[in-house]
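Biologist: Can you walk me through this one? I'd like to start with the terms and then go to the residues.

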Amino acid sequence: MSRIRIMFIDVDGTITEGRDTYLLDLELVSVLRKLTSRGVYVSIVSSNALPVVIGLSRYLGFNGPVTGESGSIIYYDKWGIVELAGSPTRHVYVDVLERFKDYVEDTWQNRFRIYEYALKVRKGFDGWIVYKRIAEYVESTYKDVRVGYSGYAIHLMPKGVDKGVAVKYILDRMSISPDEAAGVGDSVMDAEIMKHVGYKVAVGNADEGLKKVCNIVLDKPSSKGVLDFARKIIEGAV
Ligand SMILES: O=C(O)COP(=O)(O)O
Ligand SMILES: [Mg+2]
């Protein structure tokens, strides 16, 4: 069996069938569930709102702590809700939504967020160009806010928290060392995770900004790549 005791897994673009869909890969879900039955924690680390990822984790049968809002907030049945972020970015979200309304639109999840807010890029616009313009404005106007882009949405994040801070908190609290931990993602927003785990895994179609900080770049895209990796853990091949 592998040394890996916990796998931190991103959702959109990683356990979905591609980076342009929300469809979960059900074959991967069954293999990840098998991993949990072998005693490996599967811990979702996502930019989605906490209710979304708690629901996902519960109904998919995963057993690790769940991180939402890009690392701002964690839920684990043994711990309850753990809030790692300082102050909400709601006022920035309201300002940016108005100022850039021709390029971005609101998302329903914002009603269920506490610290970090998300904006969807309107159809017909290049997400990276819109992200850069908003990041320039926000980071020169609000000193305690950072902007991220997952490929699915633009995220207004409280400074001081990110997916890596959440992963480190979880490893420390569960007394799991980095060389017993894997992190798997698709976007540059997952790069912070890789500072705290030994198995730094990017799916084949990941952002270059993520691949360059990983020590494992999977051959196949999104969930198909993760499927091969998860099977290797079960076989004890990693
Ligand atoms: O909510 C998003 O923008 C992307 O979610 P993810 O962090 O699970 O990829
Ligand atoms: Mg993702």
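Modeller: Terms, then. A polar contact is a pair of N or O atoms within 3.5 Å; within protein, one must be able to donate a hydrogen and the other to accept it, and residues adjacent in sequence count only if both atoms are side-chain atoms. This is a predicted model, where local features need pLDDT of at least 70, side-chain atom pairs count only at pLDDT 80 or more, and totals for chains, interfaces and linings use all residues. Residues are numbered from 1 along each chain as its sequence is written, chains are lettered from A and ligands numbered from 1 in the order in which they are written, and side-chain values use heavy atoms, with hydrogens and water left out.

Biologist: Which side chain does aspartate 10 make a polar contact with?

Modeller: The side chain of threonine 14, at 2.7 Å.

Biologist: Where is the place of aspartate 10?

Modeller: In the loop between E1 and H1. Helices (H or I, at least four residues) and strands (E, at least two) are DSSP runs, numbered from the N terminus.

Biologist: Is aspartate 10 buried or exposed?

Modeller: Aspartate 10 counts as buried, at 5% relative accessibility. Buried means under 20% relative accessible area, exposed over 50%, and partly exposed in between (1.4 Å probe, protein chains only).

Biologist: What does UniProt say about Asp10?

Modeller: Its unreviewed entry has an "active site" annotation that covers Asp10. UniProt positions are given in the numbering used here, feature names are shortened, and annotations may be inferred rather than shown by experiment.

Biologist: And what does aspartate 10 touch, not counting residues up to four places away in sequence?

Modeller: Ile15, Val45, Lys163, Val184, Gly185, Asp186 and Asp190. Contact means heavy atoms within 4.5 Å.

Biologist: Lys163, then. What does UniProt list it for?

Modeller: "Binding site", again from an unreviewed entry. Lysine 163 is found in helix H5, which covers residues 163–173. At 3% relative accessibility, lysine 163 counts as buried. Leaving aside neighbours within four places in sequence, the contacts of lysine 163 include Ser70, Gly71, Met189 and Ile193.

Biologist: Now salt bridges. How many does the structure hold?

Modeller: The structure holds 16. A salt bridge is a side-chain nitrogen of Lys or Arg within 4 Å of a carboxyl oxygen of Asp or Glu.

Biologist: Which residue forms one with aspartate 186?

Modeller: Arginine 19, with the closest N and O atoms 2.7 Å apart. Aspartate 186 lies in the loop between strand E10 (181–185) and strand E11 (199–202), and arginine 19 in the loop between strand E1 (6–9) and helix H1 (26–37), so the pair ties together parts that are 167 residues apart in sequence. Aspartate 186 counts as buried, at 1% relative accessibility.

Biologist: What about aspartate 172 and lysine 168?

Modeller: Their side chains meet in a salt bridge, at 2.7 Å from N to O. The two are four residues apart in helix H5, which means they are separated by about one helical turn. Lysine 168 is partly exposed, with a relative accessible area of 38%.

Biologist: Next, the ligand. Which residues are around ligand 1?

Modeller: Among them are Asp10, Asp12, Ser150, His155 and Lys163. Being near a molecule or strand takes one heavy atom of the residue within 4 Å of it.

Biologist: How do the polar atoms line up there?

Modeller: A polar side-chain atom of serine 150 lies 2.6 Å from an oxygen atom of ligand 1. An N or O atom in the side chain of histidine 155 is 2.7 Å from an oxygen atom of ligand 1. Ligand 1 exposes 280 Å² taken alone, and the protein buries 96% of that. Accessible areas come from the Shrake-Rupley method with a 1.4 Å probe; for residues, only the protein chains shown count as cover.

Biologist: Last topic. Where is the place of serine 43?

Modeller: In strand E2, residues 41–44. Serine 43 is buried, with a relative accessible area of 0%. The side chain of serine 43 reaches the backbone oxygen of proline 65 at 2.6 Å.
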